[in-house]
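Let's work through a few exercises on aromatic rings. Take a look at the structure first, then follow each solution step by step.

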Amino acid sequence: MRNFITDQHEQEAVESLKRLVAKPSYLTEKEEGAPFGTGPRAALDEMMKICAELGFETYTDPDGYYGYAQVGEGKSIFGILGHMDVVPAGDPKDWDSDPFKAVVKNGVIYGRGVQDDKGPSIAALYAVKALMDAGIKFKERIRFIFGTDEETLWRCIAQYNKKEEPITHGISPDSEFPVTYAEKGLQQSYLIGPGSKEVQLSMKNPFNAVPAQAAYSGPKLDKVKQALDELDFDYKDNGDEIIVLGKSVHAMLAPQGVNAVLRLAMALDKVFSFAPLDFIGKCFKEDATGKNLLGDVEDEASGHLTINLSNIEINEEQTRMQIDMRIPVTVDHDQLIAQLEKEVAKYDLKYENFDYLEPLYVPKDSELVQTLMSVYHAVTGDNTQPQISGGATFARTMTQCVAFGGMLPGVPDYMHQVNEQWELDKMFTAMKIYAEAIYQIVGQN
Ligand SMILES: [Zn+2]
């Protein structure tokens with residue numbers, strides 16, 4: 001197979017990646033023109049500078065939320081979505097080298113952001129640069145869009161979508177090869193109910209993990225223990241406190257975990273008479289597929305609904321539960337929420353939205369997915385099939401957009417970790433895949 005990438009492209013890509021790593025771009029205090037702090041803004045500016053040097057037209061949002069770099073002509077836009085922000089490095093002493101001074105050792109580049117997402121962004125950028133150097137003309141505009149708030153709240157891409165021209169189709173190199181063509185809708189919400197004088201609970205758990213422990217030290221402890229025994233649920237008995245035990249997994253895999261909060265609530269429901277506890281004990285129970293509450297909600301493209309109910313707070317004024325739902329891609333969101341509202345109302349609970357990310361779905365037999373898959377297969381010889389995911393990339397914020405690379409199967413995942421690193425050989429393979437794919441989608445000889 002032809003290869004547009006030369007040794008010089010590879011070397012220059014590594015040098016440019018070093019320039020980006022040198023701008024520590026984790027979230028800090030907002031400043032003028034730097035809504036997520038001066039670090040993310042500096043990394044964005046550096047990327048725009050690199051793009052301009054390579055011959056792209058560039059535009060930086062004056063408010064500092066995003067920037068884009070464009071080449072080619074035509075009505076349509078092929079978008080390539082990446083992000084210039086990173087997570088903090090933790091204690092630099094835990095690193096073998098300075099996290100913000102990228103070094104190459106034995107063919108591996110080290111530094112915060114080399115995998116997530118400065119490295120893959122640079123790989124895709126130099127893939128297009130290689131096509132430009134080969135004299136390829138583009139029948140559409142290729143537009144790189146770089147956000148600066150991917151690791152927190154995606155406010156950057158929300159601004160882009162509010163202010164700029166939408167892409168026609170595209171990819172996000174912020175995940176794994178081959179293609180992620182479906183990401184479930186992600187709905188995080190609260191269920192709010194009355195308070196209780198009799199039974200109270202206080203805990204703090206994140207939305208996105210199944211809780212492995214739930215402590216209780218309130219009234220009628222002996223009866224609660226008895227209820228747990230009857231239900232055959234494991235717990236640790238510390239005398240005047242018990243800790244119900246479960247098994248933690250990521251919320252997107254909730255049915256594979258054991259939810260300690262639900263188990264505790266089921267036991268409490270046997271002891272106390274309280275409508276919000278009835279909701280767990282008599283309706284939801286332990287089933288994280290949500291079947292008891294909403295019936296079978298599933299589709300062929302992305303599987304079954306999952307619901308992770310990870311936190312219950314009860315005080316004198318209020319009950320507050322938190323749920324994380326991963327909704328199959330073809331299910332009508334608003335209808336599902338209306339059904340949920342109706343069901344929980346039977347237990348004195350009111351639904352309250354916290355955050356919603358729309359699903360991503362580009363069918364497997366679409367031209368985009370087919371082309372990306374055939375190029376991936378031709379370059380690597382690997383037969384891995386396109387993926388679905390309960391996770392989230394920028395791809396879902398735009399139409400006809402899928403996650404595509406930059407990590408090859410089997411590459412160790414160093415994202416968000418100490419000594420973040422990427423084998424240069426793997427990075428260059430990603431460049432080769434991007435160049436051929438983009439050539440086949442928007443190139444003309
Ligand atoms: Zn990322």
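**Exercise 1.** Is Tyr 160 buried or exposed?

*Solution.* Buried means under 20% relative accessible area, exposed over 50%, and partly exposed in between (1.4 Å probe, protein chains only). Tyr 160 has a relative accessible area of 0%, so Tyr 160 is buried.

Before moving on: this is a predicted model, where local features need pLDDT of at least 70, side-chain atom pairs count only at pLDDT 80 or more, and totals for chains, interfaces and linings use all residues. Residues are numbered from 1 along each chain as its sequence is written, and side-chain values use heavy atoms, leaving out hydrogens and water.

**Exercise 2.** Work out how Phe 177 and Phe 404 pair up, and what their pair ties together.

*Solution.* Start with the rule: rings of Phe, Tyr and Trp (its six-membered ring) pair if their centres lie within 6.5 Å; planes under 30 degrees apart are stacked, over 60 edge-to-face, and the rest tilted.

Next, apply the rule: Phe 177 and Phe 404 are 4.9 Å centre to centre with 90 degrees between the planes, an edge-to-face pair.

Now place them, using DSSP runs numbered from the N terminus (helices: H or I, at least four residues; strands: E, at least two). Phe 177 lies in the loop between strand S9 (175-176) and strand S10 (179-183), and Phe 404 in strand S22 (residues 401-404), so the pair ties together parts 227 residues apart in sequence.

Last, check burial: Phe 177 counts as buried at 4% relative accessibility, and Phe 404 does too, at 0%.
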